[in-house]
Amino acid sequence: GDDTYAVNTDPAVPSVGILRNDYADGEMPAFWNNGGVYETDVFTGTITVNELLKIDATGKLTSGGTAANAVAQALSVSGGILKFKLLV
């Protein structure tokens with residue numbers, strides 16, 4: 001699709017990590033990308049810069065994220081395109 005990924009160029013910020021090591025034998029461990037920037041046009045509501053984002057009931061990114069449920073942080077919204085940093 002039109003979604004993109006930008007590689008982290010700051011060596012002081014980790015880019016890839018493993019979230020857990022207690023996965024069941026034969027299952028894929030969970031991974032997270034921290035420092036990469038994604039773009040998407042699939043989101044809902046009014047989102048502001050630096051806002052924590054959560055997933056709504058329809059599976060779209062939306063405002064109102066908290067420390068307990070945030071999956072991303074908004075970096076910019078322009079022309080119907082949301083740029084965000086993935087937190088999980």
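Author: A salt bridge is a side-chain nitrogen of Lys or Arg within 4 Å of a carboxyl oxygen of Asp or Glu. This is a predicted model, in which local features need pLDDT of at least 70 and side-chain atom pairs count only at pLDDT 80 or more, while totals for chains, interfaces and linings use all residues. Residues are numbered from 1 along each chain as its sequence is written, and side-chain values use heavy atoms, leaving out hydrogens and water.

Reader: What pattern does the chain follow, read along the sequence?

Author: Helices (H or I, at least four residues) and strands (E, at least two) are DSSP runs, numbered from the N terminus. The chain has 8 strands and 0 helices. Read in order, the pattern is β-β-β-β-β-β-β-β.

Reader: Which element of the chain has the highest mean pLDDT?

Author: pLDDT is the predictor's confidence in each residue, from 0 to 100. The chain averages 77, and 62% of the residues score at least 70. The lowest element mean, 48, belongs to strand 2 (residues 16-18), and the highest, 93, to strand 7.

Reader: Which residue in the hairpin of strand 7 and strand 8 takes a positive phi?

Author: The hairpin has 2 residues between its strands. A phi near 60° is found there at G79.

Reader: Where does a residue other than glycine have a positive phi, near 75°?

Author: The residue is N50, whose phi is near 75°. Its place is in the loop between strand 4 and strand 5.

Reader: Is E51 buried or exposed?

Author: E51 is found in the loop between strand 4 (37-40) and strand 5. Buried means under 20% relative accessible area, exposed over 50%, and partly exposed in between (1.4 Å probe, protein chains only). By this scale E51 is buried.

Reader: How far away from E51 is the nearest side chain of opposite charge?

Author: Lys and Arg count as positive and Asp and Glu as negative, with His and the chain ends not counted. E51 has no salt bridge. The nearest side chain of opposite charge is that of K54, at 8.9 Å.

Reader: Which residue has its backbone nitrogen 3.4 Å from a polar atom of the side chain of E51?

Author: Contact means heavy atoms within 4.5 Å. Leaving aside neighbours within four places in sequence, E51 is in contact with T46, S63, G64, A72, Q73 and A74. The backbone nitrogen at 3.4 Å belongs to G64.

Reader: How many residues apart are E39 and K83?

Author: E39 is in strand 4 and K83 in strand 8, so the pair links distant parts of the chain. E39 is partly exposed at 23% relative accessible area, and K83 is partly exposed at 33%. C-alpha to C-alpha, the two are 4.4 Å apart in space. In sequence, the separation of E39 and K83 is 44 residues.

Technical notes:
Pairing = 2+ DSSP bridges. Polar contact = N/O pair within 3.5 Å; in protein donor to acceptor, adjacent residues only side chain to side chain.
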